[in-house]
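Below is what I looked up, in the order I looked.

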Amino acid sequence: MEMLLMGLCISVFGFGVAALAFGAATRSESSAPQLEAQPEIRPAVAARAAAPARFFSDRVVPAVPFHSQVPIEVLLHQIENHVRLEEAAAQSFVDFPSLDLLHCKTTSSLVN
Amino acid sequence: MEHELLNGLSAPEVDQILGLGTRITVPSGGSLFRLGDPADRIFLTVRGRIRLTLPMQLRGREEEILIEEKSPGQTVGWSALIPPHRFTLSARAPLETEVIALPREALRAYFETSPAIAYKISLNLAILVGHRLQLVQAMWLREMRRTIELRSAAAGPAR
């Protein structure tokens, strides 16, 4: 019985130490950015869920140098693709108006 | 085929309107109208596709930049019904395309005798123009935001 109680006490103590260590390790990463992100307005999520999302991208692709000497045909293709994606994004906003959809990112290589 | 400009019209009314027009086949790569041309006909797309473009200087060359693309059932060239009756885009067919060209004067004469149909078509036209305006507003705001972000990034972090 004594051994069982001792084991239980050691387990509870160990769990407590582990919880404190975890809290200390994650506090510095989570607290500061949250303060900066507070003013951001979060619009309705329902509209985003209802709208087609295939044009949008949350990932940020490294920017392609705009002044690089890509062939004019490639540049024209990029522009055309950009226009189509922007129009699709604008159409999604018109269908389900929200701040989120108005400023959603696309996968356009011209601006990412 | 249903034409967006003729939504809400009965089948005989649609036939009467289409009877005012002429079918035109634009060959692949052919031009339907050019920016600045007098706009005296509005076009209903029947088959194929129409690319609407605006010119832009790219590396010292003038290139046509795609603004919109129209599919069968859609309307092209509503400048014909709205002063100053000049096309504000260029239209070209990327593949063999068939359109019905409706002359403005024939439409105007028909509308004078049929105000109820004129009202329905005007309403459809307002929907087309309004929708385009909403799209362009959103696209313009997105581009403006990007411009400001680029300028802010170039200026460095705020102090």
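Before anything else, I noted what counts as a helix: a DSSP run of H or I of at least four residues, numbered from the N terminus. I also reminded myself that the model is predicted.

**Entry 1: the helix α3(B).** I started with α3(B), which has 41 residues. From its first C-alpha to its last I get 58 Å, close to the 60 Å expected at 1.5 Å a residue. Just after α3(B) I found G156(B), with a positive phi of about 90 degrees.

How many of the 41 residues of α3(B) are buried? I count four, so the helix is hardly covered, taking buried to mean 20 or more other C-beta atoms within 10 Å. The buried ones are I117(B), I121(B), A138(B) and R142(B). I then checked what covers them: the list includes α3 (72–95) and α4 (99–102) of chain A, together with α1 (11–19) of chain B.

**Entry 2: where the chains meet.** That sent me to the contact between the chains. Chain B puts in 15 residues and chain A puts in 16. On the side of chain B that touches chain A, β5 and α3 of chain B are the elements that give two or more residues.

**Entry 3: the strands of chain B.** Next I traced the partners of β8 (residues 97–103) of chain B. Strand β1 (residues 22–26) of chain B runs antiparallel to β8(B), and five bridges join the two. In that pair, R23(B) stands opposite I100(B). Strand β3 (residues 41–47) of chain B is also antiparallel to β8(B), with six bridges between them. Here I found R47(B) opposite E98(B).

**Entry 4: the cores.** Which residues have the most contacts inside the largest nonpolar core? I wrote down L32(B), F43(B), L44(B), I50(B), A91(B) and V99(B), in a core of 24 residues. The elements giving two or more residues to this core are β2 (31–33), β3, β4, β8 and α3 (115–155) of chain B. Apart from this core lies another, of six residues, among them L85(A), A89(A), A90(A) and F93(A).

Leaving out residues up to four places away in sequence, F43(B) touches L32(B), V76(B), G77(B), V99(B), I100(B) and A101(B).

Entry 5: Most residues other than glycine have a negative phi, and most peptide bonds are trans, so I went looking for exceptions.

- The peptide bond from P83(B) to P84(B) is cis, with omega near 10 degrees. P84(B) sits in the loop between β6 (75–76) and β7 (90–92) of chain B.
- H85(B) is in the loop between β6 and β7 of chain B, and its phi is positive, near 60 degrees. With 13 C-beta neighbours inside 10 Å, H85(B) counts as partly exposed.
- R59(B) has a positive phi too, near 50 degrees. I found R59(B) in the loop between β4 (50–58) and β5 (61–70) of chain B.

Is R59(B) buried or exposed? R59(B) is exposed, because 8 other C-beta atoms lie within 10 Å and the cut-off for exposed is 12 or fewer.

Conventions. Residues are numbered from 1 along each chain as its sequence is written. Chains are lettered from A and ligands numbered from 1 in the order in which they are written. This is a predicted model: local features need pLDDT of at least 70, side-chain atom pairs count only at pLDDT 80 or more; totals for chains, interfaces and linings use all residues. Two strands pair if DSSP finds at least two bridges between them. A nonpolar core is a set of buried Ala, Val, Leu, Ile, Met, Phe, Trp, Tyr and Cys residues joined through C-beta atoms within 7 Å. Two residues are in contact if their C-beta atoms, placed from the backbone, lie within 7 Å. The expected span of a helix is 1.5 Å times one less than its number of residues.
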